[in-house]
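Please look through the structure below with its ligand in mind, taking time to find where the ligand sits before reading on.

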Amino acid sequence: MSGPNSSVSEKMNVETDIITLTRYILSEQKSKAPQASGELSLLLNSLQFAFKFIAHNIRRAELINLIGINGSANSSGDVQKKLDVIGDEIFINAMKSSNNVKVLVSEEQEDLIVFEGGGRYAVCTDPIDGSSNIDAGVSVGTIFGIYRLKDDSQGSIKDVLRKGTEMVAAGYTMYGASAHLMLTVGGSVNGFTLDNQLGEFILTQPDLRIPDKRNIYSVNEGNSYYWPDNIKQYIDDLKKPQEEFGGKPYSARYIGSMVADIHRTILYGGIFSYPADKKSKNGKLRILYECFPMAMLIEKAGGAAVNDKGERILEITPKSIHDRSGIWLGSKGEVEKFLTYIK
Ligand code: AHM
Ligand code: MG
């Protein structure tokens, strides 16, 4: 705390010099890209509005479902719009009105959307990931990745069928009692928490680093019948006593909501996976708006992210906007251990 009245604020235990997301974005632009046009900063500002609006609707939906007030599904059939749809509409409107987005890919939309106007960015998003969990009060979230358009682009699918290494920013917002935003704009990973009263995201976890090792694995083991033998072997071995963890085996932690599972993985360490199954040879999670943003965050926090073949996720070039991949990501040491099981 600083300023002439600092002793008063100290006595009242009030932090008066907080770093809001807006302040962070503006100071990053000033220090790292002083010549920048400010378009990315404006886009990030539109994103934070979308997150606040979605957070507000999720808090409201919980209440509506619990007490069954007018217009809800409980009291009058299917009047209430599905949160997936609301989240998608909020996102599309926020990106459109930002005037800085040309191309939008959403999990909820079959085709990509190209906006009129001169936006220079492409955004890929799953507006509400894990929505099947909402009624049980489990955290869900918005995942997003951002590309800058090439100079000669008029806005097309080519702007997003690019390697994840070309993204300029990525992150997620996890909704619960409060909303948590994890963001990288190419540098470190910073965590922000939405102060509901203030209506601002506050920097609460600067420069997050994922622990190098941790005996936690996170996967839907109900699918193990469909896994190839090397994956079964790897998971079986994690359940044996581990010398490096004082003889303890790994703990299983699987929420079933990617944002919540990745949030825990960044904070505590461990490994999260959704492998492809033997039959379809395909994973469940989508490359552009689930795998890539999470892989960028995890790598920028010091971790690693690979597919079932051990290839770096961010080096993949998707062939269509809703492509899927098997994925393994988390602590560097844990991903390296998984790699020893790949023939
Ligand atoms: P969704 O985009 O339809 O919500 O599906 C994605 C979710 C992830 O959040 C989560 O990691 C995974 O699907 C859970 O799948 P499963 O229920 O098969 O374990
Ligand atoms: Mg999803």
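Which pocket is the space taken by ligand 1? In this predicted model, the space that ligand 1 takes is the second largest pocket. Two elements give two or more residues each to the shell around the ligand, namely β3 (121-129) and β11 (271-274).

In total, 15 residues surround ligand 1, and the closest are Asp129, Gly130, Tyr254, Met258 and Tyr274. When this shell is sorted by class, it has five nonpolar, five polar and five charged residues.

Some of these surroundings can be followed atom by atom. A polar backbone atom of Gly130 is 2.8 Å from an oxygen atom of ligand 1, while a polar side-chain atom of Glu107 lies 2.9 Å from an oxygen atom of the ligand. Asn220 also places a polar side-chain atom 2.8 Å from an oxygen atom of ligand 1. Taken alone, ligand 1 exposes 480 Å², and of that area the protein buries 77%.

Definitions and conventions:
Residues are numbered from 1 along each chain as its sequence is written. Chains are lettered from A and ligands numbered from 1 in the order in which they are written. This is a predicted model: local features need pLDDT of at least 70, side-chain atom pairs count only at pLDDT 80 or more; totals for chains, interfaces and linings use all residues. Side-chain values use heavy atoms; hydrogens and water are left out. A residue is near a molecule or strand if one of its heavy atoms lies within 4 Å of it. A polar contact is a pair of N or O atoms within 3.5 Å; within protein, one must be able to donate a hydrogen and the other to accept it, and residues adjacent in sequence count only if both atoms are side-chain atoms. Accessible areas come from the Shrake-Rupley method with a 1.4 Å probe; for residues, only the protein chains shown count as cover. On a 1 Å grid over the protein atoms alone, a cavity is a set of points where a 1.4 Å probe fits but cannot get out, and a pocket is an open set with protein on both sides within 12 Å along at least five of seven lines; lining residues have an atom within 4 Å of a point. A molecule sits in a cavity or pocket if more than half of its atoms lie within 2 Å of its grid points. Helices (H or I, at least four residues) and strands (E, at least two) are DSSP runs, numbered from the N terminus. Ala, Val, Leu, Ile, Met, Phe, Trp, Tyr, Cys and Pro count as nonpolar, Asp, Glu, Lys and Arg as charged, and the others, Gly among them, as polar.
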